[in-house]
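Here is a friendly note to go with your first look at this model. The points below start with aromatic rings and end with a pair of helices.

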Amino acid sequence: MRKYYTHIVLILLALVLYFMANFQRVAIPGAIFDTLQQDLNLSASSVTALSACFMYSYAVSLLFCGILSDRYGAVKVIMCGALLFSLGALIFPNTTNIYFLYLSRIILGFGAATFYLCLVQEAKKCFPDKYFGISVSLMLITGYMGGVCANAPFIFFADKFAWQNILNVLGILTFVVTVLFCAERGFLRHIPVNKNAKFSIEPFKDVLSKHFNHNLFIFAGLNYGLYYVIQTVIGVKFLKDYIQMSEASASLVLSLMIVVAGFSGISLATLSKILNNRRVIFMKSISVMTALIFTIVSLCLLMQIKTKFVAILFLMLAIGGGMSPLLVPIIHATNKFEVRGTALSIMNCCFFLSVGFLGTLVGYLLDVFKPLLQNSSVIIYSSKSYLLVFVTFLLFSFVEIYNAFKLKDV
């Protein structure tokens with residue numbers, strides 16, 4: 001019994017780290033885009049690269065987390081990831097050198113990648129199968145709350161105490177939780193190494209040989225990427241520049257987006273169960289809704305319509321952000337037991353490669369047209385720049401629809 005409760009405590013501590021990981025993902029640069037651009041004198045592409053560095057390292061790390069967790073145990077992998085994550089969290093707010101900023105974001109991404117997949121593995125050990133989907137949803141909600149705090153609350157406190165001070169406090173807290181995790185892990189004593197679990201290209205070949213997985217991964221990557229690039233990179237900036245919302249109001253919308261995504265996850269999982277585990281119908285519906293949303297936003301930009309209705313559209317877009325409770329069971333149902341971890345890691349890799357790519361693309365697209373300047377400090381991007389961004393998103397949403405309609409329930 002003592003060992004069981006030790007695992008529960010470790011899960012709770014890891015959830016705090018997962019909360020912090022989501023905070024770091026969302027807060028930089030999305031919540032303080034203008035502040036970072038002013039304080040560090042950066043172009044749009046340089047600012048969005050702060051997000052891309054995190055996303056790319058996070059995505060690549062996910063490919064190895066599964067096998068590392070199988071071989072050394074989820075607890076050991078989380079512990080190593082937490083140490084890296086703490087290091088990155090302490091470096092970022094204490095440097096103005098752009099290369100060290102990028103390095104710290106890369107380190108943060110490597111560390112943060114260990115939390116979600118390993119938490120799923122620990123949950124699988126500690127909770128019965130009938131509660132597995134719900135436990136995953138609750139974990140995701142905990143992570144989403146990190147994103148909620150990374151918008152309106154972060155901006156509120158950053159205005160009063162400076163963003164560096166806030167991130168320093170959170171970095172120290174992250175380090176304290178990491179120390180507690182390492183101490184609690186000591187109660188498990190020896191965690192055996194599974195020498196049969198070795199890195200091999202074969203599971204990747206097995207997973208990637210299935211056409212169903214191709215369509216699923218492309219759909220999942222674009223669905224998540226198109227939502228999350230709004231959340232973490234451009235959302236607050238667009239609402240301020242074009243819709244002319246205040247920073248507080250824009251950040252509140254982005255915080256509410258994460259709340260919507262969290263409740264969407266639970267709702268979709270519940271509705272799927274009611275409909276005898278039908279899942280693809282929700283994927284098709286959300287992909288079409290995403291295309292419609294980007295069509296409307298693009299038309300508003302083309303016709304110079306500035307309406308707060310766009311904020312409602314962003315909240316609707318967030319419904320697709322809660323897709324994971326449907327995607328994880330599909331992975332488990334369509335792939336052999338031996339490669340489920342690999343399949344899950346590839347799908348999550350697609351999530352964040354998509355966000356990194358789209359975030360990088362947004363930075364370059366914003367710089368295509370000459371920006372407007374306000375008080376010679378805050379850069380305001382033109383409607384032409386944003387139209388280019390959202391038409392690009394619309395084109396990617398068509399690819400999402402195509403792959404969603406290739407999927408079938410199994």
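1. The count of aromatic pairs comes to 23, where rings of Phe, Tyr and Trp (its six-membered ring) pair if their centres lie within 6.5 Å. This is a predicted model: local features need pLDDT of at least 70, side-chain atom pairs count only at pLDDT 80 or more, and totals for chains, interfaces and linings use all residues. Residues are numbered from 1 along each chain as its sequence is written, and side-chain values use heavy atoms, with hydrogens and water left out.

2. Take Tyr224 and Phe352: their ring centres are 5.4 Å apart and their planes stand at 70°, so this pair is edge-to-face (planes over 60 degrees apart; under 30 is stacked, the rest tilted). Tyr224 belongs to helix 10 and Phe352 to helix 15 (residues 340-366), 128 residues apart. Helices here are DSSP runs (H or I, at least four residues), numbered from the N terminus.

3. Now look at helix 10 (residues 211-241) beside helix 11 (residues 247-274): their axes, lines fitted to C-alpha atoms over the stretch in contact, come within 8 Å and cross at roughly 160°. That makes helix 10 roughly antiparallel to helix 11 (angles over 145 degrees, on a scale from 0 to 180 between N-to-C directions).

Conventions:
Helices (H or I, at least four residues) and strands (E, at least two) are DSSP runs, numbered from the N terminus. Angles under 35 degrees count as roughly parallel, over 145 as roughly antiparallel, 65 to 115 as roughly perpendicular and the rest as oblique.
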